[in-house]
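Dear colleague,

I am handing over the structure we spoke of, and I would be grateful if you could look through it alongside the notes that follow.

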Amino acid sequence: MNWLTTRRQFTLMIAPAFLLYTVFMVYPILYSLYYSFTAFDGVSSPEFVGTENYRAMADDSAFWTSLRNTGVILGLSLLLLIPLAFLLAVLLSGQVKGSAVLRPLVFAPAIVAPILVGLVWIFILDPDIGLANAFLLAVGVPAQPQWIGGSTLSPYSVALVHLWQQIGFVVTIFYAGIRMLPREVLEASTLDGANRFQQLRHIVVPMLRETFGIVTALVVTGVFKVFELVYALTGGGPAHLSEVLVSYMYHITFTTQQYSYGMALAVVVFLIGAVASALTLAGMRRRAAAR
Amino acid sequence: MNEPRKPRTGRIVATAAAYLITFVILFPLLWIALLSFQSNENILNRSFSLDDLSLANYRQATQTLNLLVMYKNTLILAFVSVTAGLVISFMAAFALTRMVFRTTRRRVQSSLRYYFLAGLAVPVYVLLFPVYRIDIALGLFGTHAALILPYIAVTIPFNILLLTGFLREFPEEIEQAALIDGVGLWGMAWKVVFPLMRPVLATLAILNVIYVWNEFPFAVTLINDPTLTTVSLGVSQFQGVYSVDYGAMMASATLVLVPQLVVYALFQRQVISGMTAGAIR
């Protein structure tokens, strides 16, 4: 049985959330969509130009670089973050002494503001003052790679820092998943003579399918949240070579004030983000159904 | 005889590996704290020596930065937007799951729920410029409300996802008992259901406070008044303020980092369970 109410009461209850959400989330997307088909300088009224902004995007090498860099971060996150986090979660759920202390420590970077994370890592990655190159010198390697600020390594460095910030969070999700596994199954397999590795390969991993799905979804959507790291570490430079989609959109909109081109980029980011979320959600559902 | 020894070496290797990885993860934070006691020359020449440590950078940092203003603004933003956001989200979630009215059907509720949940797929960065224009149009620019309203809006989809999930499983018997006791709609929502949702609300409060505390893109776009600076905005300015004084920059970073880590240490259990609950739901 539910509470019987009037339409007016229902409306009053839902109105504040509905209004705020519509004005500050739904309307902005429609706004971006509209302005992406115009030429708009922020002062005079926008002029309809059709798909011109989108055609300009196809010829814009900085856009393709930022798309590629976003892809690099996604690829490295999927290839490194998930296996490393899983490994660490397995270690911590084993009989490691003091794992109750290690878990919150590993998680700590996840609560640090990303902009502060960027600042901290300057002191490790900066070619002139950073620890990384000082270390290389100290061990006798004279090479001084341009971890940030150079033309090739920057996106990989950003990906590495992103991975550093995310790992504790992912470890914790895997850890929670491992702890929820039924104990009897693992005990039975030990009695049957399975070693730790066989257990992992044939029992833990298959039973954690859903957790792997959640982690994948979080990693994919998390890639579109990489902004502050680029902002603090490289500012997108040099010549936009280390830009990601979101930072490039920010640069075009707020630094160069090409509003309608910025809105076209925003629409593309929105579409890629929405499709990525939908695909991972659909994938998770199919996996859940397959079980 | 081989039996008990094998797992033991395995355990030692696993323990060593776990401690090593944890140390590597924590190292960048420790490094900043350590360097913040070094002179600028030492940092520039990368001659890190532990014998000549001083508090000079901290004196420099506290003189140049208005840390108190940053913290005050961030606390105001976090308190107002999280409290208001949770109340508003709870009202909506309550209406979406527990209220049935005579003239319309459940279809309205479920399509409204999907309308809210669609927001989960929106990367907030695409909202920046439109929200900037909306704030100007509404005359919010230069006030705390310029950030508070979008912060609430952005957290609504996830709050509603979690709250409707729990409210759907809310036992009807409690509602029936309250009905018999003659509770009205208002009393039902606030005096009966709201207090029982406390665990979920606490989880959401933690997640939302962390979000607001660390939020940067909206702050950098919507705040141009130095008296409204937030912590994350202040951090981003360290680079500009001390273009060559790396020691002071690191001392400033440490001054922001330490309180955040202390609060985390106090609440880490709830923070971690909140974060995982958020991920798993």
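**Around A:Pro114**

Once the neighbours within four places in sequence are set aside, A:Pro114 is in contact with A:Gln165, A:Glu228, A:Leu229 and, from the other chain named here, B:Asn214. Please bear in mind that this is a predicted model, and that the values below are computed from it. A:Pro114 belongs to helix α5 of chain A, which covers residues 114–125. From A:Leu78, A:Pro114 is separated by 36 residues in sequence and by 20 Å in space, taken from C-alpha to C-alpha.

**Chain A as a whole**

The secondary structure of chain A consists of 13 helices and 3 strands, and its C-alpha atoms fill a box of roughly 75 × 75 × 30 Å along the principal axes. Chain A has 291 residues, of which 51% count as buried, while its accessible surface amounts to about 13,300 Å², with 65% of that area belonging to carbon and sulfur atoms. Among the contacts in chain A with a separation of 6 or more, 65% are made by residues 24 or more positions apart.

**The nonpolar cores**

Which residues touch the most other members of the largest nonpolar core? In that core, which holds 180 residues, they are B:Leu127 and B:Phe218. Helix α4 of chain B, spanning residues 67–98, gives the most to this core, contributing 15 residues. Leaving out neighbours within four places in sequence, B:Leu127 is in contact with A:Phe24, A:Met25, A:Pro28 and A:Ile29 in chain A, and with B:Val122, B:Val154 and B:Phe218 in chain B. Another core, of 6 residues, lies apart from the largest one, and its members include A:Tyr31, A:Phe40, A:Met263 and B:Phe129.

**The salt bridge**

Over all chains the count comes to 1 salt bridge, in which the side chains of B:Arg98 and B:Glu175 meet at 3.1 Å, N to O. B:Arg98 lies in helix α4 of chain B and B:Glu175 in helix α8 (residues 172–180) of chain B, so the pair ties together parts that are 77 residues apart in sequence. Are these two residues buried or exposed? Both B:Arg98 and B:Glu175 are buried.

With kind regards

Key. Residues numbered from 1 in each chain as written. Chains lettered and ligands numbered in written order. Predicted model: local features only at pLDDT ≥ 70, side-chain atom pairs only at ≥ 80, totals over all residues. Heavy atoms only, no water. Helix = DSSP H or I, 4+ residues; strand = E, 2+ residues; numbered from the N terminus. Buried < 20%, exposed > 50% of the residue type's maximum accessible area, 1.4 Å probe, protein only. Contact = heavy atoms within 4.5 Å. Areas by Shrake-Rupley, 256 points an atom, 1.4 Å probe, with all protein chains shown as cover. Core = buried A, V, L, I, M, F, W, Y, C linked by side-chain atoms within 4.5 Å. Salt bridge = Lys/Arg side-chain N within 4 Å of Asp/Glu carboxyl O.
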